[in-house]
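Please read this briefing alongside the sequence and the structure.

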Amino acid sequence: MMTSHKAIQEIVFESDSALPEWLSGVSQPIVLRGLVRHWPIVQAGLSSSRAAADYLLGFDQNLPLTVYQAAAEADGRIFYNDDMTGFNFDRTRQTLSKVLEALFALDASQPMPSYYVGSTLIDRWLPGFRQHNDLSMGKTEHLMSLWLGNRSRIAAHYDFPCNIACSVVGRRRFTLFAPDQADNLYIGPLDLTPSGQPISLVDAAQPDFGRFPKYRAALESSISVELEPGDALYIPSMWWHQVESLASFNVLINYWWRTTPAYMGSPLNALQLAVLSLRDLPPEQRTIWRDIFDRYVFEQGDEDWQHIPEHARGVLKEIDEATANNIRAQLRRLL
């Protein structure tokens, strides 16, 4: 087990308590012990894994969902294949009942293949579930998703939205790295990824420090925490997190929300376009464009545009949904 080198704040919830309103403004991870222990799905899982599975099936609509299946040789690691031309798992489409049937048919005395269901929208696949299993998120626009499977290891990755991960069946271990640790995590490709986000290439279970020497520094600054059924973890935007499912049957429910409106899009899209347009320019031109980005994106303030009449500032003003749509339309024409 990986040892935590940094402390993490913990809040203990004794009963059905409201989520603290100040949470979304916090920039550090926080453990929320017992936050969802009162949920019926948690109580069912504390009785037995089969009871939790049956509880989920009570809301199932028999719609196919995406399942990652990795052979036993992968040892639960959802990753690339050996030459990084693809992945070490197959994506299949199965119903929840078929996935659960396959999971409970596995022989625990033998090396087991991995079944991993990730980021499945609760409201679409399990309507009615959140009537008794939900957090009060106020007016925050959010997504509530299901993650399910047996033992698995998910490499360190970031998410742009803020995240509350609720362990409801089984146990999970999260290892967290601050955003400034990206260089020490040896991040893989931007455009060939298991699930859309770039991931660390380090096998955290057996790190090759000869190949990845800076990973030692990442570990020294890391936070490791285990979640029991009913516990939750707040993960701020852009924090790298590695996730291990530790039981033969695990269910996690998470909430994602943005601190900016969805119409503003994903910064990863802008990064991809910047790689296309800027990265291979001559060095002196890249320097010029870096200064331009600083002025217009990273260091700009309202006072910088006082010389332009307000009605003529266009995208230099605060961006609303109409302006965002106009920018996208112009980009589509130009690209």
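**Briefing on the predicted model**

Met84 is partly exposed, with a relative accessible area of 29%; buried means under 20%, exposed over 50%, and partly exposed in between (1.4 Å probe, protein chains only). The model is predicted, so local features need pLDDT of at least 70 and side-chain atom pairs count only at pLDDT 80 or more, while totals for chains, interfaces and linings use all residues. Residues are numbered from 1 along each chain as its sequence is written, and side-chain values use heavy atoms, with hydrogens and water left out.

- Most residues other than glycine have a negative phi.
- Met84 has a positive phi, near 55°, although it is not glycine.
- Met84 lies in the loop between strand S4 (77-78) and strand S5 (89-94); helices (H or I, at least four residues) and strands (E, at least two) are DSSP runs, numbered from the N terminus.
- Met238, likewise a residue other than glycine, has a positive phi near 75°.
- The loop that holds Met238 runs between strand S12 (232-235) and strand S13 (240-245).
- With 31% relative accessibility, Met238 counts as partly exposed.

**Helix H1**

- In helix H1 (residues 40-47), the buried residues are Ile41, Val42, Ala44 and Gly45.
- They cover an arc of only 160° around the axis, which puts them on the same side of H1; the arc is that of the directions from the helix axis to the C-beta atoms.
- Helix H2 (49-57) and strand S9 (162-169) are included in what covers the buried residues of H1, where contact means heavy atoms within 4.5 Å.

**The chain as a whole**

- The protein chain contains nine helices and 14 strands.
- Its radius of gyration is 22 Å, close to the 20 Å that the globule rule gives for 335 residues, so the chain is as compact as a globular protein of that length; the radius is taken over C-alpha atoms, and the rule is 2.2 Å times the number of residues to the power 0.38.
- The C-alpha trace spans about 70 × 50 × 40 Å along its principal axes.
- Of the 335 residues in the protein chain, 44% count as buried.
- Among contacts between residues at least 6 apart in sequence, 78% join residues at least 24 apart.
- The accessible surface of the protein chain is about 18000 Å², and 51% of it belongs to carbon and sulfur atoms; such areas come from the Shrake-Rupley method with a 1.4 Å probe.
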